[in-house]
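Biologist: Could we go through this model together? Please begin with the terms.

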Amino acid sequence: MNIENNSTNQNGSPITDSTPESASEPISESISSSNLRYSLNSRSSAGLVTIDSGSNLPSRETSAIQKLSLGNGNLEEFSDDSDEELQDWSLLNNISKKGIKDLEPLLTDNDKYTLSAYDQNKLNKARNLRFQALESKRGAIVNLDNLKASTIFVNKDNYNDIFMLQPKGKFLETMGFIDNQNICHFGFEEALYLVERGSCMLKFWDNENDSKNEIFERMPPLSLQAAYSIFIKNEEQLNQYMVYSILKRDGYIINRNDEFNGIISKRKRKLFDEDTLFKNIEMSRWTKFLSSISSIFNISFPYKLAFSYFNIFTYMRSTLKPQSLPKLKNVNNELTLNNKSCKEFKISFNIWKPSPNFKKKNPPLPDYQITIFKANQKLPNYFELQSLLERSNSNPDTYKPKPKVRKNKPNKVPDNKAKKLDISWDYAKGINMENLKYNQNRITLAIVDNITINFITLSHCNFVQEGPVWRDHWVTWKPPVKKKSTRNNFKRNEKFKDKKSNEDIIGKENPSKDINNGDISENKILTPVPTNKKIESNLLISNILNGEEGNLITSTKSSENKPPNSAHF
Amino acid sequence: MSKFGNLNKREYYNLKHPSPLPIIIPLSYISNKYYKPIEILNSIYDTLCHFIINISGHAYIDVIFDSKLDSSFKITDYNDMIFIWNNGFYGKGNLSRSEPTFEKRMLQKINDYLNNDKNTKQDTTFSEEITKNRRYLREIWKNERISLIKLEKDIKINSINGEISILDKEKLEIEREKLSKLKDDLIKGNVRIDSNTPINSDSIKNRNTLRIEDYDIIIDSNNIKNIEYLQLDNCETIYLKQLNMIRINFDNIPDISLTNLLKNLIEIYDFELLLNYVVYYHYKTLGWCVKNGLKFSCDYILYQRGPPFSHAEFSIKIVTNEETDSLIDYSAISRVVSGVKKNLILCFVNHPNFNSSQWLNIWNNYLIDGDLISLLNNFSINEINWKRWTPSRTRM
């Protein structure tokens with residue numbers, strides 16, 4: 001649970017300022033502060049509960065607005081452009097730095113029923129901090145000077161007709177749709193969100209009878225409960241709102257997808273191209289020759305003559321080609337079960353990471369696309385997921401992993417070369433694991449269980465396309481023969497010894513300079529006889545700590561030269 | 001000297017695990033850029049030798065299956081066991097964690113016992129020992145942490161008016177830093193333990209004692225009985241049989257054919273077995289080292305080359321047409337899998353309806369013509385990567 005530090009908000013935007021900087025840092029968690037937040041900001045819990053006992057938007061009193069300015073508890077993350085003074089909750093961060101465990105009472109063994117002096121002291125301090133934080137004046141978010149600019153109207157005869165007459169406010173940069181008469185239309189989730197966070201008030205509107213509008217005008221705004229009951233009519237809408245508000249509060253820009261209303265669009269692309277699917281498992285000429293011989297004479301494939309395991313794998317794989325082709329989609333085929341229960345799920349929202357340059361009229365490709373599922377739903381079958389993936393269209397760069405920076409390899413040089421060479425497939429390199437882990441065909445499932453939402457990103461991957469993972473040069477490749485002079489080795493050893501003894505003297509001050517795995521293995525290679533006991537014990541321990549023995553060898557690999565482009569037959 | 005002798009670790013493992021399949025073929029070392037002329041001759045000689053030796057006959061590995069005993073496929077011969085493990089990492093030693101190391105471990109234990117007066121050097125060769133040692137070091141750290149927590153509590157309770165004195169605060173801070181440094185050192189492998197102190201507490205305790213049952217397996221001073229066998233699981237057995245590498249004694253039928261083997265297994269395990277085998281074969285033919293994923297809450301885990309070389313990167317969960325698990329179940333699996341730093345791959349097997357008459361036709365045809373590949377081609381496989389997204393982390 002986060003207590004946002006409002007004093008740090010500088011951009012003053014009501015929407016995107018919600019958390020970006022404050023939530024990312026670990027903020028203390030404590031009993032008292034979390035309770036506090038709970039009572040002040042209960043909209044995080046389903047929003048069905050009212051804000052807090054003293055702050056129900058009073059609907060019958062004429063002094064509603066005054067009360068509103070005092071009582072509306074949405075203190076957390078607003079700051080309209082108005083110069084309201086913001087509540088500084090950062091005080092509460094001082095209660096405990098270690099979190100909730102720090103606040104457990106310390107009981108002595110003798111006396112289990114009275115608090116120790118330490119606990120009493122701590123409790124008093126926490127209480128005082130809390131009272132201090134609550135002491136200061138709290139403000140409203142709606143712009144009191146120009147109420148019309150922050151009032152959302154809902155057509156009393158058609159609750160889907162939600163609009164604002166004089167749209168103004170920073171939130172309009174990412175929300176709503178302004179028509180040519182300068183009326184801003186909202187979706188129900190946007191209106192509800194704005195009302196709930198206190199940026200806007202909600203009032204009824206009558207299209208036919210203007211005199212009624214005057215009455216509505218004079219009436220106090222609709223309460224949050226009323227807003228919920230107007231906008232949320234079924235579970236689906238509640239789930240949509242939950243997902244919307246959670247992501248919105250996290251600072252994301254979120255808009256409806258075209259399919260929001262249930263009209264499923266056509267598929268935008270194929271997941272894989274059947275022509276290039278098998279390019280990495282193509283057999284070499286020699287393997288083709290062997291396989292044709294084996295089929296002509298009806299004998300088993302002569303593995304012994306294959307000359308490389310890679311050839312064997314490509315042969316075995318080539319017999320299985322039909323497995324990776326989408327051949328069983330035929331509805332009438334008795335063999336398949338899946339088609340009878342194939343449903344289409346809709347993509348509900350498009351999501352962008354917070355960006356100051358976002359234009360809602362001309363948005364870039366979304367970073368994520370959300371489809372909403374209930375937690376107790378069955379896992380959709382492949383064709384349902386495939387259809388979702390084929391309809392998705394999100395920014396391919398979002399999921400690309402950041403390039404790993406290695407010390408030994410400067411990044412810039414190979415980049416230039418890469419453009420000249422076709423590096424789409426390189427036998428020497430081994431398969432590209434990233435292709436299996438990240439793919440631009442992806443869809444995010446929001447799995448909703450009451451108010452808990454788990455987000456899952458599903459992405460297409462295809463092991464066949466990447467080809468066999470085995471590389472024969474793992475075995476056959478040897479590092480170029482170095483001229484080993486014993487003198488050098490000896491020197492190195494001496495150096496190493498010096499370093500070690502220095503470290504012993506320096507002791508704990510300089511742990512980062514200790515040998516790492518690469519050094520050890522290198523050293524290992526160069527020391528023919530382990531005269532130095534310390535090296536050995538180090539090796540041993542690093543071995544142990546690395547878990548499986550494998551780690552050491554991978555580090556050895558990376559520290560050695562790259563294997564050459566060994567030809568494969 | 002470590003277990004690698006004069007070789008570096010890479011060379012050692014290349015010699016030990018030269019192939020992904022239990023078929024030894026002459027590899028063309030000439031493809032290596034850095035070969036010496038003599039190596040070309042070597043290579044040709046190797047190749048020729050291979051054929052001359054192997055012309056004489058095909059060596060099969062004997063596998064025993066007894067449905068009355070325990071319905072498992074066993075390799076009992078020690079050399080076969082080692083061979084099949086080293087070349088493709090098949091099976092599991094019944095007295096070991098995975099690689100059948102029981103005999104070697106026992107020999108070492110006995111030798112240590114006999115020479116315990118001087119031989120203090122620990123040779124942590126076995127993966128079991130390595131894990132044990134890692135846990136031991138972790139235990140050391142945990143004990144340190146417990147003592148710190150205790151110290152902190154004492155200071156707090158004894159504090160006057162609930163205020164911790166500056167002196168105590170400093171004391172605590174120093175201890176805390178010590179602890180975090182110890183953890184860093186453990187991770188980086190910088191902990192120095194005098195090579196005279198054995199780091200394995202268990203082996204200290206056990207070194208001087210052999211249990212009574214340990215004496216039962218001693219033959220003479222250099223030899224012990226090998227009571228370990230290697231157990232193959234069903235898919236591994238079918239795969240090896242398909243490669244024609246093993247000879248199976250199935251309930252006293254010597255050398256059962258692949259078709260009959262499959263028929264018998266299907267009678268025991270139903271057609272579900274085929275689903276597993278399709279997936280196993282799928283990844284196996286792509287060169288992956290496929291091992292059972294039960295410990296990682298999924299069906300299979302994939303190693304790029306094998307357990308000694310790297311951690312498994314992917315875990316495979318098979319999803320069939322009749323999948324009934326809810327999204328909650330899959331969320332649970334993904335939590336476990338991501339906890340061990342693997343990627344969860346949902347492997348959707350689109351399989352024929354096993355109750356349909358069409359399928360029975362196909363199955364009966366297979367029993368007649370024995371063409372396993374075309375049987376497997378009635379299935380199709382699609383993969384989807386499942387990854388958790390935490391919105392609060394990806395905002396920037």
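Modeller: Buried means under 20% relative accessible area, exposed over 50%, and partly exposed in between, with a 1.4 Å probe and protein chains only. This is a predicted model: local features need pLDDT of at least 70, side-chain atom pairs count only at pLDDT 80 or more, and totals for chains, interfaces and linings use all residues. Residues are numbered from 1 along each chain as its sequence is written, and side-chain values use heavy atoms, with hydrogens and water left out.

Biologist: Is Trp286(A) buried, exposed or partly exposed?

Modeller: Trp286(A) counts as partly exposed because its relative accessibility is 31%.

Biologist: Which helix holds Trp286(A)?

Modeller: Trp286(A) belongs to helix 9 of chain A, residues 285-296; helices are DSSP runs of H or I with at least four residues, and strands are E runs of at least two, numbered from the N terminus.

Biologist: Changing topic, where is Glu259(A)?

Modeller: Glu259(A) sits in the loop between strand 6 (253-256) and helix 9 of chain A. It counts as buried because its relative accessibility is 1%.

Biologist: What does the side chain of Glu259(A) pair with?

Modeller: Its side chain makes a polar contact of 2.6 Å with the side chain of Ser265(A). A polar contact is a pair of N or O atoms within 3.5 Å; within protein, one must be able to donate a hydrogen and the other to accept it, and residues adjacent in sequence count only if both atoms are side-chain atoms. A polar atom of the Glu259(A) side chain also lies 2.9 Å from the backbone nitrogen of Ile347(A).

Biologist: And how much of chain A is buried?

Modeller: Of its 569 residues, 50% count as buried.

Terms used. Chains are lettered from A and ligands numbered from 1 in the order in which they are written.
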